[in-house]
Amino acid sequence: NWYTATTTVVKPGMMNEYRQLVIKETNTAAKKGGATQIQTWRFATGNTDRVLRIVLHNSLADRDAGPAARRGMGEAGWAVYQKKAAALVESTSGYIGQQRLDMGWNPPGSPAPKLAERYTVRIAPGRNAEYLKYVQAFLEASKKSGHRRTAGQVVFGPNTGTFISNTFYEN
């Protein structure tokens, strides 16, 4: 599976307004436009005015039609929405990744976690196989402790080849 990850830096003091825009307009329009799985996370450390949004795709071809929210709003609605978002957002950055199911453990139907710890790891050229062995050993310990994990690899965008992993916690 493929996904698009977008990090948005919200202007200071505007997080509540941005949150309401996402809940009331973005998510509603994205569902109407055909999105099936979207995750939105707010950073709890570092710059807490950052929001990570992950949209899952069945294939890269899903991206050819443009954002699901745009399809759900129509062109006129999208233009209005863009102006609203621009008033609340400092910057955005993103990448396209591919899920690495061999590096994660998140059984279907698992509840949404209360907290996620995100790791970004760049591996030296030619050392991916060693890293995969390490992760798979770590994954066994994670399963025993009950901590779910997801993982992916950046395919298009900055830092191509970088591995991203998330460990989920219930409390």
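**How do the axes of helix α1 and helix α2 cross, and within what distance do the axes come?**

## The pairing of α1 and α2

This report describes a predicted model. Helix α1 covers residues 15-32 and helix α2 covers residues 68-88. Their axes come within 9 Å and cross at roughly 165 degrees. Angles over 145 degrees count as roughly antiparallel, so α1 is roughly antiparallel to α2. On the side of α1, the contact is made by Glu17, Tyr18, Leu21, Glu25, Thr26, Ala29, Ala30 and Lys32. On the side of α2, the contact is made by Ala68, Ala69, Gly72, Met73, Tyr81, Lys84, Ala85 and Leu88.

The crossing of the two helices is left-handed. In general, two packed helices are described by the angle between their axes and the distance between the axes.

## Two further residues of α2

Gly74 has its place in helix α2. With a relative accessible area of 25%, Gly74 is partly exposed. Along the chain, Gly74 and Gly33 are 41 residues apart, and their C-alpha atoms are separated by 9.1 Å.

Gln82 also lies in helix α2. Its relative accessibility is 37%, so Gln82 counts as partly exposed. Gln82 and Arg70 are 12 residues apart in sequence, and the distance between them, C-alpha to C-alpha, is 9.7 Å.

## Aromatic rings

A search of the whole structure finds 6 aromatic pairs. In the pair of Tyr134 and Phe138, the ring centres are 6.4 Å apart and the planes stand at 20 degrees, so this pair is stacked. The reasoning rests on a cut-off, because planes under 30 degrees apart count as stacked. A pair of aromatic rings is described by the distance of the centres and the angle of the planes.

Both Tyr134 and Phe138 lie in helix α3, which covers residues 128-145. They are 4 residues apart, about one turn of the helix. Which residues form one aromatic cluster with Tyr134 and Phe138? The cluster is formed by Tyr131, Tyr134, Phe138 and Phe163.

Is Tyr134 buried or exposed? The relative accessibility of Tyr134 is 53%, so this residue counts as exposed. For Phe138 the value is 38%, and this residue counts as partly exposed. The cut-off for exposed is over 50%.

Ala129 is found in helix α3 as well. At 57% relative accessibility, Ala129 counts as exposed. Ala129 and Gly109 are 20 residues apart in sequence and, from C-alpha to C-alpha, 30 Å apart in space.

## A charge over a ring

Arg50 lies over the face of Phe43. The distance of Arg50 from the centre of that ring is 3.7 Å.

## A loop residue with positive phi

Where is Asn159 placed? Asn159 is in the loop between β6, residues 149-156, and β7, residues 163-169. Although Asn159 is not a glycine, it has a positive phi of about 60 degrees. The relative accessible area of Asn159 is 42%, so Asn159 is partly exposed.

Notes. Residues numbered from 1 in each chain as written. Predicted model: local features only at pLDDT ≥ 70, side-chain atom pairs only at ≥ 80, totals over all residues. Heavy atoms only, no water. Phe/Tyr/Trp six-rings, centres within 6.5 Å; stacked < 30°, edge-to-face > 60°. Buried < 20%, exposed > 50% of the residue type's maximum accessible area, 1.4 Å probe, protein only. Lys NZ or Arg CZ within 6 Å of the ring centre and 35° of its normal. Axes fitted to C-alpha atoms, helices over the stretch in contact; angles between N-to-C directions. Parallel < 35°, antiparallel > 145°, perpendicular 65-115°, else oblique. Left-handed = near helix turned anticlockwise from the far one by under 90°. Contact = heavy atoms within 4.5 Å.
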